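Open the model in your viewer and keep the selection panel at hand.

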Amino acid sequence: MLGLLLVYFIGKYFYQLAFEHNRSAWGYAILGVVVYYSTTILAGTAIAYTYLEFVDETIEGGTELLLSILTIPFGILGAYILYKKLEKNWSNSKDSMHSDILDQGMS
């Protein structure tokens, strides 16, 4: 249930950001969710590999639940970083467009 709520809110925020900047809203909403899941998979693989390398035990039972809980913050962080980069890039391009229009009248 928590995973569905996270996917909903991640998609919602990316959708709103893309809509505000006249981009493909559904495409960026899906991109945000894909980045969340791919980051959790990469973090889970890294954590599991590190665990197996240093503890020399197989991951069984409760450890799988712990592993999935540990990867959630990494997924949120990955989606947040992408969101902030897109927000910064799109707001900068918007400002430069307006400055070009103002400069054209001065020449």
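The lining of the largest pocket divides into 9 nonpolar, no polar and no charged residues. Nonpolar here covers Ala, Val, Leu, Ile, Met, Phe, Trp, Tyr, Cys and Pro; Asp, Glu, Lys and Arg are charged, and the others, Gly among them, polar. This is a predicted model, where local features need pLDDT of at least 70 and side-chain atom pairs pLDDT 80 or more, while totals for chains, interfaces and linings use all residues. Residues are numbered from 1 along each chain as its sequence is written, and side-chain values use heavy atoms, without hydrogens and water.

Select Leu6, Phe9, Ile10, Tyr13, Phe14, Ile76, Ala79, Tyr80 and Tyr83: they line the largest pocket. Its volume is about 170 Å³. (On a 1 Å grid over the protein atoms alone, a pocket is an open set of points where a 1.4 Å probe fits, with protein on both sides within 12 Å along at least five of seven lines; lining residues have an atom within 4 Å of a point.) H1 gives the most to this lining, 5 residues.

Next, show H1 with H2 (residues 25-55): their axes come within 7 Å and cross at roughly 140°. That makes H1 oblique to H2.

Methods: Points joined across faces, edges and corners; volume = space filled by probe spheres on them. Helix = DSSP H or I, 4+ residues; strand = E, 2+ residues; numbered from the N terminus. Axes fitted to C-alpha atoms, helices over the stretch in contact; angles between N-to-C directions. Parallel < 35°, antiparallel > 145°, perpendicular 65-115°, else oblique.
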